[in-house]
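Here is a short report on one protein chain. Please look over the sequence and the model before reading on.

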Amino acid sequence: MPQGQLAQPAPTDGLTTRQRRQLPTTVVFTGDGKGKSTAVFGMALRAWTTGIPLAVFQFVKSPQWKVGEESAFRELGALHDDIGRGAPVDWNKLGSGWSWIRHHQDDDPAAAAAGWAEIARRLSAEEYGFYLLDEFTYVLERGWVDSAEVIDTLQQRPGKQHVVITGRRAPAELIATADLVTSMEKIKHPMDVGRRGQKGIEW
């Protein structure tokens, strides 16, 4: 891999390069384009390969909906349990409807708040090294969980625990405090011309 070039002078925080590599990272994938979840599941695969325990929390998606990534990561988790390869995987679904559907069940806000409370508890206990909060920006946008509380928890979390958040319309304050932010821009999509979602592409 080519040696990276710093865009700015190195920080004058007194930390060594090795120490900076041990810092936790907050990542946000947002924007209207397709590929946010796909990108972070690639990161999660890297985490698994390097032995970092990971937990996935899917918000506002139906527990009945089966996605390819879930099947794959459950198999990877089982592989770790059987022969010790990779890392443990914990998969959680915390919603009852798709993120782009505006009408939601009454229990969605409560489920989202309970889900975040559990994530905060696990962060405090340093249970995992990689947390994937899929579609979490919708929870923040709708006020089901307070953005300021989330940001404070992320900034105060102990150890080296990476947190990756996906979803459209990420709050400006979350973007400002995250370490890595990517916005997916939609140029074209088959659904724009009436084509349905396809196996292997949308799920």
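Glu 126 sits in the loop between H4 and E4. This is a predicted model. In it, the phi of Glu 126 is positive, about 55°, although the residue is not a glycine. Most residues other than glycine have a negative phi. Glu 126 is partly exposed, because its relative accessible area is 44%.

At the other end of E4 comes a second case. Glu 135 belongs to the loop between E4 and helix H5 (136–141). Its phi is near 65°, again a positive value in a residue other than glycine. Is Glu 135 buried or exposed? Glu 135 is buried, with a relative accessible area of 8%.

**The chain as a whole**

The chain has 7 helices and 6 strands. Along the sequence they follow the pattern α-β-α-β-α-β-α-β-α-α-β-α-β. The chain holds 203 residues, and buried residues make up 40% of them. Take the contacts between residues at least 6 apart in sequence: 79% of these join residues at least 24 apart.

**The sheet**

In what order do the strands of the open sheet lie? The order is E3-E2-E4-E5-E1-E6, and the pairing is parallel. Strand E3 (89–94) and strand E6 (180–183) stand at the edges. Each has a single partner strand, so one side of each is left without a neighbour in the sheet. On average, neighbouring strands of this sheet are turned by 10° against each other, direction ignored.

Helix H2 (residues 36–49) packs on this sheet. H2 touches strand E1 (26–30), strand E2 (54–59), E3, E4 and E5. The direction of H2 makes about 165° with that of E4. Another helix, H4 (residues 108–125), lies across E2, E3, E4 and E5. H4 runs at about 165° to E2.

Now to the pairings. Strand E4 (residues 130–134) and strand E5 (residues 162–166) run parallel and are joined by 4 bridges. Here Leu 133 stands opposite Ile 165 in E5. E5 also pairs with E1, in the parallel sense, over 4 bridges. In that pairing, Phe 29 stands opposite Thr 166 in E5. E1 pairs with E6 as well, in the parallel sense and over 4 bridges. The bridge partner of Thr 30 in E6 is Ser 183.

E1 is mostly covered, with 5 of its 5 residues buried. In a regular strand the side chains alternate between the two faces of the sheet. Thr 26, Val 28 and Thr 30 lie on one side of E1, with Val 27 and Phe 29 on the other. Both faces of E1 are covered, and these residues are all buried.

Asp 134 lies in strand E4. At 0% relative accessibility, Asp 134 counts as buried. Gln 58 lies in strand E2. Gln 58 also counts as buried, at 2% relative accessibility. What do their side chains contact? The table lists the pairs.

| Side chain | Partner side chain | Polar contact |
|---|---|---|
| Asp 134 | Thr 166 | 2.6 Å |
| Gln 58 | Asp 134 | 3.1 Å |
| Gln 58 | Trp 91 | 3.4 Å |

Gln 58 in turn has a polar contact with Trp 91.

**After E2**

Val 60 is found in the loop between E2 and helix H3 (68–83). Val 60 is buried, with a relative accessible area of 1%. Along the chain, Val 60 and Asp 108 are 48 residues apart. Their C-alpha atoms are separated by 7.4 Å.

**H4 and H6**

Two packed helices are described by the angle between their axes and the distance between the axes. How do the axes of H4 and helix H6 (residues 147–156) cross? They come within 10 Å and cross at roughly 15°. H4 and H6 are therefore roughly parallel to each other. The crossing in which H4 passes H6 is left-handed.

Which residues meet there? From H4 come Trp 116, Ala 120 and Leu 123. From H6 come Glu 149, Val 150, Thr 153 and Leu 154.

Definitions and conventions: Residues numbered from 1 in each chain as written. Predicted model: local features only at pLDDT ≥ 70, side-chain atom pairs only at ≥ 80, totals over all residues. Heavy atoms only, no water. Pairing = 2+ DSSP bridges. Helix = DSSP H or I, 4+ residues; strand = E, 2+ residues; numbered from the N terminus. Axes fitted to C-alpha atoms, helices over the stretch in contact; angles between N-to-C directions. Contact = heavy atoms within 4.5 Å. Buried < 20%, exposed > 50% of the residue type's maximum accessible area, 1.4 Å probe, protein only. Polar contact = N/O pair within 3.5 Å; in protein donor to acceptor, adjacent residues only side chain to side chain. Parallel < 35°, antiparallel > 145°, perpendicular 65-115°, else oblique. Left-handed = near helix turned anticlockwise from the far one by under 90°.
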